[in-house]
Amino acid sequence: MAKSLIIVESPAKARTINKYLGRSYTVMASVGHVKDLPKSKLGVDLEHDFEPHYVTIKGKTQVLADIKKKAEEADKVYLAPDPDREGEAIAWHIAEELKGKGKGKSKKPIYRVRFNEITESAIKRALQSPGEIDMNKVNAQQARRVLDRIVGYQGSQLLWEKVRRGLSMGRVQSVTVKLICDREAEREAFRPVEYWSITALLTGATPPAFEARLHSINGQDAEIGTAQDAERVVADVKGKTFAVQSIERKEKKRNPVAPFITSRMQQEAARKLRFTSKKTMTLAQQLYEGVELGPEGPVGLITYMRTDSTRISAEAAEEARQLVRERFGNDYLPATPNVFKTHKAAQEAHEAIRPTSAARAPESIKPYLDRDQYQLYKLIWNRFVASQMSPAILEMTRVDTVPQQTKTSYVFRANGTVVKFPGHTIVYMEGKDTDATDQARKGEQEVEDESERQLPALTEGERLQLTTLEGQTVPGVTSKQHFTQPPPRYNEALLIRELEENGIGRPSTYAAIISTIQDRKYVEKVEGRFIPTETGRTVNDFLVKGFPDLLDVDFTSQMEKELDEVEEGDKHWVAAVREFYTPFTKDMVKAKELVGPKDVVEPPTNIPCEKCGRMMEIKWGRNGKFLACPGYKADPPCKNTQNFERLPDGTVKIVAKQEVTTDEKCEKCAAPMVVKFGRFGKFLACSAYPACKTTKPIPIGVQCPQCGGNLAQKRSRKGRIFYACSNYPKCEFAIWDRPVNKPCPSCKAPFLVEKVTKHSGNTLLCRNEDCGHKEAV
């Protein structure tokens, strides 16, 4: 009896499906795309409606041959790649190969099946009602691929000609780099503004004492810009009796958040787990396709992870509600299932990211998951269960107090929050970005904090006294100096939020975008923040001048909307590509006339090469500018290079190289290691060079808190010193401030960091934000 053939794109997915279907089916994996545009040429006919020329991907010829052979033996063929644009394109390419002419052509019926979760019921349900390939989805993917190829191929050629060989240009990646460069330019242009806060420590008839911050002066928001102004206020209210002017209480509901969509999962995993978006999507793919759960075999643990829909099935909602009822009781269960709004462009056929079974609690499968899989699964499970729970009830209290018998009218405000009913928060609380741009610009301004902070029982008109805490000598009124802060650099969560809010790319592409701009050395990540490299800035400056449309956020966002219209069947894909290609071509003509960095010939310096005497020249390499001997083409060649820095008068100065022999022995040949100075700072090298080419970073005597390796001093491509793990790239831990091998006396953190500021000099700080330990050096 002939079997039915099911074709998926992943071997792991094939194993999981095969477990559920048994011997009546053969399940094969294409291992991703089987056809694509050629690597060596454009592959798009610009004169004939952008017709793409697809070729079989290297290494996939045998895969296609095996699929064709099995298709001939099968009674039916089911194409079951993932239910998105990429999956639809994979299914279409395989179908075209199976329907092709000549040998290998299949006359068997070919169906398209889609499922959002790899469970027995979902798979069998899909096989019972198979459909056809959605050509609108295929055309949306095709349009995106053609657009990206045109920009990548033609734009990159221009960068090679105008800037440097080996560079790349991307329709979405270039806009993303621009966001990071623009943020860095904002930070560099930022000038901090001094301001002061005044806080009174007050006590009433009922303890405890509480803090109230100066809120207004003579009815206007309190703005204190100098130490003299702060001292004047402190002097005015010191020793005065305060009175409660007003008390405002209100109850606030904090509703649960929707289960994850792709972008929210990436942001939360970055905030809570410190995962990169690439790592998050890799782990989610593993959980979706199936993980071995001991005797149970491979099990798909979550629904499809590329989705912008917050919808969940009625069955899944009921399963979650039953779990809430059993675990937490009816008080935590809303009267009806919670339903969440989905934005207009979302695909309602998809579901949110959720566990395939709420009954499969994280703790029950922890022994079968690795640490990272478990953490992500727990995050998804907690958020899903919490989404079907009751709101938290908070009581917010705001107390305004005024000092008596002062010529100036001052109002000091205290905010308090009491959680009356925790609701969904006992399971899950959404993380917050610690550096929203507007707050960062203001600095440590007063914000209404929903963390629990209880105020004592107070009545309007009640007299309050300034006090000090027991065992402390801090006066009842204190002033504190602050400075406004520059807009923060993007971390992964903030960058994803920015991309999403501006409609740049799609959540399913964020991980690839962020990974690409780092791989291309356009940005680097230090302490979890993205910083443009010299290469990134140079490329961005050129592209901003040459391609104003391409790098315009609104233009890029509109292009994404048009691709959505193609997917919905409201726009032809060729029309969408043409609307992009027309302004791109005009920009390309103008950009070719621009003077690029490669067109600028740097004059020889007045610095002689210490090896051959020729005058050193400034060259531009993949890691920025450096000094090089012009004799590199001579016979014999002189390959001397040097780091340099520009002096204020425009001349250049060599950064001296110093070699110091250390007591450390080379791990390969036992020769002494010497300290050398390279393009990125000091490093250890074997003294037996060139016979032995061993190198390693210089450890600073502090262990990496993430992997236990050694922290070493390094230098960024802009010349700034930072400290990173010597096990990079396996471990990406890096910080700006110098680690000091001294445990925190308060929280026992393994080391402190030395912070150097203009106003307070050198200070040792604990990196644990919840600790706050600080000591002078």
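**Packing, rings and backbone in a predicted model**

Colleague: Does Thr342 count as buried, partly exposed or exposed?
Modeller: Buried means under 20% relative accessible area, exposed over 50%, and partly exposed in between (1.4 Å probe, protein chains only). The relative accessibility of Thr342 is 22%. Thr342 therefore counts as partly exposed.

Colleague: What percentage of the residues in the protein chain is buried?
Modeller: The protein chain holds 18 helices and 37 strands, and its C-alpha trace spans about 100 × 85 × 60 Å along the principal axes. Of its 777 residues, the buried share is 49%.

Colleague: How is H5 oriented relative to H17?
Modeller: Two packed helices are described by the angle between their axes and the distance between the axes. Helix H5 (residues 135–162) and helix H17 (residues 553–568) have axes 6 Å apart, at an angle of about 150 degrees. Axes are lines fitted to C-alpha atoms, for helices over the stretch in contact, and angles run from 0 to 180 degrees between N-to-C directions. Angles under 35 degrees count as roughly parallel, 65 to 115 as roughly perpendicular, over 145 as roughly antiparallel and the rest as oblique, so H5 is, relative to H17, roughly antiparallel.

Colleague: By class, which residues make up the contact of H5 with H17?
Modeller: From H5, residues including Asn136, Lys137 and Arg144 meet residues of H17, among them Met559, Glu560 and Leu563; contact means heavy atoms within 4.5 Å. Ala, Val, Leu, Ile, Met, Phe, Trp, Tyr, Cys and Pro count as nonpolar, Asp, Glu, Lys and Arg as charged, and the others, Gly among them, as polar. By class, the contact has two polar, five charged and six nonpolar residues.

Colleague: Which residues does Gln141 touch, not counting those up to four places away in sequence?
Modeller: Gln141 lies in helix H5. With a relative accessible area of 8%, Gln141 is buried. Setting aside residues up to four places away in sequence, Gln141 touches His33, Arg85, Glu86 and Ala89.

Colleague: Is the pair of Phe260 and Tyr428 stacked or edge-to-face?
Modeller: Rings of Phe, Tyr and Trp (its six-membered ring) pair if their centres lie within 6.5 Å; planes under 30 degrees apart count as stacked, over 60 as edge-to-face and the rest as tilted. The centres of Phe260 and Tyr428 are 6.5 Å apart and the planes stand at 90 degrees. The pair is therefore edge-to-face.

Colleague: How many residues apart are Phe260 and Tyr428?
Modeller: Phe260 is buried at 0% relative accessible area, and Tyr428 is buried at 5%. Phe260 sits in the loop between strand S12 (241–254) and helix H8 (262–273), and Tyr428 in the loop between strand S16 (410–421) and helix H13 (437–442). The pair links distant parts of the chain, and its members are apart by 168 residues.

Colleague: At what distance from the ring centre does Lys272 lie over the face of Tyr428?
Modeller: A charge sits over a ring if NZ of Lys or CZ of Arg is within 6 Å of the ring centre and within 35 degrees of the ring normal. Arg183 lies in this way over the face of Tyr490, at 4.4 Å. For Lys272 over Tyr428, the distance from the ring centre is 5.3 Å.

Colleague: Which residue does a cis peptide bond join to Pro207?
Modeller: Most residues other than glycine have a negative phi, and most peptide bonds are trans. The bond from Tyr689 to Pro690 is cis, with omega near 10 degrees. At Pro207 the cis bond has omega of about 10 degrees, and the residue joined is Pro208.

Colleague: What is phi of Arg274 near?
Modeller: Arg274 is placed in the loop between H8 and H9, and at 65% relative accessibility Arg274 counts as exposed. Its phi is positive in a residue other than glycine, near 60 degrees.

How values were computed:
Residues numbered from 1 in each chain as written. Predicted model: local features only at pLDDT ≥ 70, side-chain atom pairs only at ≥ 80, totals over all residues. Heavy atoms only, no water. Helix = DSSP H or I, 4+ residues; strand = E, 2+ residues; numbered from the N terminus.
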